[in-house]
Amino acid sequence: MSIIFVYQLGNEGTDFSEDDGTRMTYIKRIYTDILDSMQNNTLRFFLFIVLSSFITFPQQGMAQDYYSSTYQYKPMSFGITFAPNMGWMRYGDTEGHKSTPKFGFAYGLLADFAFTENYYFSTGLLVNTLNNEAEYPSPVADPTSSVAVSLVSNEYRLQYAEIPISLKLKSTMRYFRSYYGQFGFTGGIKLNAKEKADGASSRTSLGNDADFFRLALQIGGGVEWQLDHNMVMMTGLSFNNGFTRVIKQGEPRNSYVAFNFGIFF
């Protein structure tokens, strides 16, 4: 076809120094003449298929890239998170102590570092606030006394700076989403610890009655949603089970369940 264009353009004596409108007029007229000269329906059908392929093939290629596994894969991803939680204390074999769950929250930074496309080392820096209410017997000066022991009810607010260290396993992304599972540990340093006695108007500091360090096991999972080429939204649930004592009274460990929401850039 290009030979025919060159031949006819040369015979027309077209001056290529003319403006674009004139050149387009000549090209359109030559194209019309070529189609009119094709009396054979097979040649016309073949020309239609060839021209259509230049339009459809690039579009299909773009669609395949968009849904491919390499579309969202990055060796490093950083993001922010906000995670509401419900925490409680576990007193184990300590008798007479009871804990009531209360809502708290965590916020901070997240980072994922890829080993391969589906395996990641996940960490971050979070400020985590755990709230709960505990009820336990009031201390008695004379254990042999026949006076009934009253119960003390306190609200606790414990705040930690936490660094999660975990292995994150991701499925290949398809149709804007991938699934992940996560297993690891969290280490926390106490930032603040306060209690509020039943009937009190304000909280008081626990001081040395609250332990400085907290270690816990964490497991969770969820879905990551592709928002565009560089942004991923994470939604999931996690269970965090404390290993170490958090306060001296009753020597409890604390645990929580969190809804994890984050944005990776």
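Analyst: Strands here are DSSP runs of E, at least two residues long, numbered from the N terminus. By that assignment Leu167 is found in strand β4, and β4 is the strand followed below. The model is a predicted one.

Strand β4 covers residues 151-170. Leu167 has a relative accessibility of 40% and counts as partly exposed. Leu167 also belongs to a nonpolar surface patch of about 760 Å², together with Phe115, Tyr119, Phe121, Leu125, Ile163, Ile165 and Leu169. Two elements give two or more residues to this patch, namely β3 (119-137) and β4. The largest share, four residues, comes from β4.

Glu224 lies in strand β7 (residues 213-226) and Lys168 in strand β4, so the pair links distant parts of the chain, 56 residues apart. Glu224 is likewise counted as buried, at 1% relative accessibility. Lys168 has an aromatic contact too: its charged end sits over the ring of Tyr180, 4.7 Å from the ring centre.

Lys170 forms a salt bridge as well, here with Asp112, at 3.8 Å from N to O. Asp112 lies in strand β2 (residues 98-114) and Lys170 in strand β4, so this pair ties together parts that are 58 residues apart in sequence. Asp112 is buried, with a relative accessibility of 1%. Lys170 has a relative accessible area of 10% and is also buried, since the cut-off for buried is under 20%. The charged end of Lys170 sits over the ring of Tyr120, 4.1 Å from its centre.

The two bridges belong together: Asp112, Lys168, Lys170 and Glu224 are linked in a network of salt bridges. The whole structure holds nine salt bridges. One of the bridges found is that between Arg245 and Glu251, with the closest N and O atoms 3.6 Å apart. Both of its residues are partly exposed: Arg245 has a relative accessible area of 25%, and Glu251 has 43%.

Five aromatic pairs are present in the structure. In one of them, the rings of Phe78 and Phe113 have their centres 5.8 Å apart and their planes at 85 degrees, so the pair is edge-to-face. Phe78 lies in strand β1 (residues 76-90) and Phe113 in strand β2, so the pair ties together parts that are 35 residues apart in sequence. Phe78 is partly exposed at 46% relative accessibility, and Phe113 is partly exposed at 28%. Another aromatic pair, Phe105 with Tyr107, is stacked, at 6.3 Å centre to centre and 20 degrees between the planes. Phe105 is partly exposed at 35% relative accessibility, as is Tyr107 at 40%.

To return to the strand: β4 gives four residues to the nonpolar patch, while Lys168 and Lys170 take part in the salt-bridge network with Asp112 and Glu224.

Note on methods
Residues numbered from 1 in each chain as written. Predicted model: local features only at pLDDT ≥ 70, side-chain atom pairs only at ≥ 80, totals over all residues. Heavy atoms only, no water. Salt bridge = Lys/Arg side-chain N within 4 Å of Asp/Glu carboxyl O. Buried < 20%, exposed > 50% of the residue type's maximum accessible area, 1.4 Å probe, protein only. Patch = residues over 30% accessible without salt bridge, like charges linked within 9 Å, V, L, I, M, F, W, Y side chains within 5 Å. Areas by Shrake-Rupley, 256 points an atom, 1.4 Å probe, with all protein chains shown as cover. Phe/Tyr/Trp six-rings, centres within 6.5 Å; stacked < 30°, edge-to-face > 60°. Lys NZ or Arg CZ within 6 Å of the ring centre and 35° of its normal.
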